[in-house]
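Here is a short briefing for a first look. Please have the sequence and the 3D view open as you read.

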Amino acid sequence: IYVSRKTAFAAYCKRAQKIIDSPDFTFLVIHGLGAAITRAIEVALFVKQKNPTSVSWTVTTSTVSLVDDMETEDLDEDVKTETRDNSAIHIRIVKMRVGPEEKAGAAEAS
């Protein structure tokens with residue numbers, strides 16, 4: 001899931017939970033770039049709070065080079081480009097495996 005600041009927080013939470021609830025779920029990665037890093041972390045925290053015993057996560061950070069095209073007012077001049085670096089976060093949410101003792105406890109409880 002690529003997180004931006006424009007989309008509603010609830011939409012990301014709903015999408016993440018839908019993926020986690022699917023029977024094919026093994027992992028999910030939440031990406032945030034620049035100003036969206038905080039929102040990506042908030043989505044991951046929501047997912048962990050909603051699924052405290054069924055998921056775990058790994059967090060990595062990186063720096064991404066971005067290229068900005070700078071148009072000039074003079075139409076005869078070429079477009080100039082500027083490169084800048086931006087921080088990014090990648091949160092990998094993984095389905096936790098159920099151990100044999102947990103399976104036995106769940107079978108006895110049902």
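S1 and strand S2 (residues 27–33) pair in the parallel sense over 2 bridges. Strands count as paired if DSSP finds at least two bridges between them. Helices (H or I, at least four residues) and strands (E, at least two) are DSSP runs, numbered from the N terminus. This is a predicted model: local features need pLDDT of at least 70, side-chain atom pairs count only at pLDDT 80 or more, and totals for chains, interfaces and linings use all residues. Residues are numbered from 1 along each chain as its sequence is written, and side-chain values use heavy atoms, with hydrogens and water left out.

**The sheet**
- Val3 has Gly32 of S2 as its bridge partner.
- An open sheet of 4 strands runs in the order S1-S2-S4-S3, with mixed pairing.
- Strand S1 (2–3) and strand S3 (55–70) are the edge strands, and each pairs on one side only.

**The helices**
- Helix H1 (residues 9–21) lies across S1, S2 and S3, at about 160° to S2.
- Helix H2 (residues 37–50) lies across S1, S2, S3 and strand S4 (80–95), at about 5° to S4.
- Axes are lines fitted to C-alpha atoms, for helices over the stretch in contact (heavy atoms within 4.5 Å). Angles run from 0 to 180 degrees between N-to-C directions.

**A charge over a ring**
- The charged end of Arg92 sits over the ring of Phe27, 3.9 Å from its centre.
- The rule asks for NZ of Lys or CZ of Arg within 6 Å of the ring centre and within 35 degrees of the ring normal.
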